[in-house]
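Keep the model open beside you as you go.

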Amino acid sequence: MRYAAFVTALFLLIAPAAAAISPDLDPRASLSVVQAWIYNYRAKPDYPHVAAAVRVLFHSQSFKEPENAGIYLGFIAGAIGSNPAKAEQLVTSFFPVPPEDEWVIVRAIAYSGLPDWRNLMRKVAPRMPGRQVMIDNYLSGSLPTLSDIPLEEATPGMMEKLRGVFTHNPFAKEDKTLHMKQTFASNQDLLDTLWGYYFATGSYVPIQRIISLLPWTKSRDTIDKLTVGSMARYTLASYAVRDAGLREYLRGELAKQPAAIKAPLGEVIEAADTVQLGAVRKDALAAVDELKTKGSDSRRNLDFWGQVGVGAVALGCVSAAALGQVAVGIPCVIGGSASQGLLSFWEKQQ
C-alpha cells in the first residue's frame, strides 16, 4: 500500500504538460498525462475531452481507494456542473462504468452543484441498479451534497454537557454505533475534492470553503482539525506559488475576512509571495507535536471534560507538495488509508 501511494506521488511530480487528449483516447493511456491535463484544465478548458480523461481514470483504478480519489471526484463533479446544458450528455458518455466505480458517478452528480441535479440523478439511476440505496439517500437528503457538508459537528453547550453527566446511567450497557456523519473536520479527503472542483471550473467558490478552514491552523482541540487546517493553509500557499490568479484572489480576500481567518490567510499569501513553504510545514509540525505532547486546551484547562479524540491523521492534500517540489505536479491527491499520516510523512521530509 505504501509503495502504491509513493508511485502515485511520483506520477504527480511530473511537470504539467500541454498534453492533448483525444476524444477516442485509449483508456490504457498514461495516468500521468491525464493528471497533468487536469491540473492545466482551468487555464484551458477542454470540455469535449473530459469523457476520455475520465475513462482513463476508471481504467487506472483511480477510485479503488475512495479516500484517495477526492481530487478526481471533485474534477468530475466540477465538469458536470460547469455546463448544465450538456451535463446529461457528459454523464451518459461515461458509461459503461465498472460496477465497483458507479459510486463515483452518483456522488459526482450530487456534488456537481447543478440546480437540477436530482432530475439528472433519476435519469441515470436505471444504469446503476446496484447503487440505488446510495442514490435514494442523496435524493432524500440523508447524504449531503458538497455544499451542505458542515465544517464540523455542533459542539454541545455547557448545560447540555451537565445534563448528560447527571442523566447518564454509568451502569447501563451502551451499544456503540458507527459514526458516519460527514464533516470537513473528520473527512480530510473533502479538501482534495474542493481542489478537484476548482481545477475543473476555475471557480473560487471551493477556494472560499478552503479559506474557511484556516482558523483550524490555530486549533488546539483535536489533531483532526489542526491537520485539516494545516493542509488547507499549505495547499493554498503551494498552489498560489504557481497560480498568479489565485494569488491575486487571496490578496483581495484578505481585507474582507474576519480576524480568525485574516491571520493564517496572511501567512498563506506571504509564503506564496516569497516561496517559503518550508516555514508553513514546520509550523504545522510544531503545532501537532505540541498538541500530542500537552493535550488540548480544553483538557489542560478543565480535565473534567475528558480526553482529546485522536482520530486517524491522513496525508490528504499535501502529498507531493510536501516533497518540496514547488514548481511541478499536483500536490493534492494521496490521502486516507494509503498514507501513514500527515505527521509521519512530513517528519520524513525534514
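**Exercise 1.** Find which residues of helix α13 (residues 244-254) are buried in this predicted model, and work out where they lie around the helix.

*Solution.* Start with the cut-off: a residue is buried when its relative accessible area is under 20%. In α13, that picks out Leu246, Arg247, Tyr249, Leu250 and Glu253. Next, look down the axis of α13: the buried residues fall within an arc of 160 degrees, so they line one face of the helix. Finally, ask what covers them: the cover includes α10 (189-201), α11 (205-211), α12 and α14.

**Exercise 2.** Describe how helix α12 (residues 223-241) packs with helix α14 (residues 259-274).

*Solution.* Begin with the geometry: the angle is about 35 degrees, and the axes lie 8 Å apart. The crossing of α12 past α14 is right-handed. Now list the partners: α12 brings Arg233, Leu236, Ala237, Ala240 and Val241, which meet Pro264, Glu267, Val268, Ala271 and Ala272 of α14. Sorted by class, this contact has 8 nonpolar residues, 2 charged ones and no polar ones.

**Exercise 3.** Are helix α6 (residues 102-111) and helix α8 (residues 132-140) roughly parallel or roughly antiparallel?

*Solution.* First take the angle, about 10 degrees, with the axes 10 Å apart. Angles under 35 degrees count as roughly parallel, and α6 and α8 are therefore roughly parallel to each other. On the α6 side, the contact is made by Trp103, Val106, Arg107, Ala110 and Tyr111; on the α8 side, by Met134, Ile135 and Tyr138. The class count for α6 with α8 is 7 nonpolar, no polar and 1 charged.

Note on methods
Residues are numbered from 1 along each chain as its sequence is written. This is a predicted model: local features need pLDDT of at least 70, side-chain atom pairs count only at pLDDT 80 or more; totals for chains, interfaces and linings use all residues. Side-chain values use heavy atoms; hydrogens and water are left out. Axes are lines fitted to C-alpha atoms, for helices over the stretch in contact, and angles run from 0 to 180 degrees between N-to-C directions. Helices (H or I, at least four residues) and strands (E, at least two) are DSSP runs, numbered from the N terminus. Angles under 35 degrees count as roughly parallel, over 145 as roughly antiparallel, 65 to 115 as roughly perpendicular and the rest as oblique. Contact means heavy atoms within 4.5 Å. Ala, Val, Leu, Ile, Met, Phe, Trp, Tyr, Cys and Pro count as nonpolar, Asp, Glu, Lys and Arg as charged, and the others, Gly among them, as polar. A crossing is left-handed if the near helix is turned anticlockwise from the far one by less than a right angle, and right-handed if clockwise. Buried means under 20% relative accessible area, exposed over 50%, partly exposed in between (1.4 Å probe, protein chains only). The arc is that of the directions from the helix axis to the C-beta atoms.
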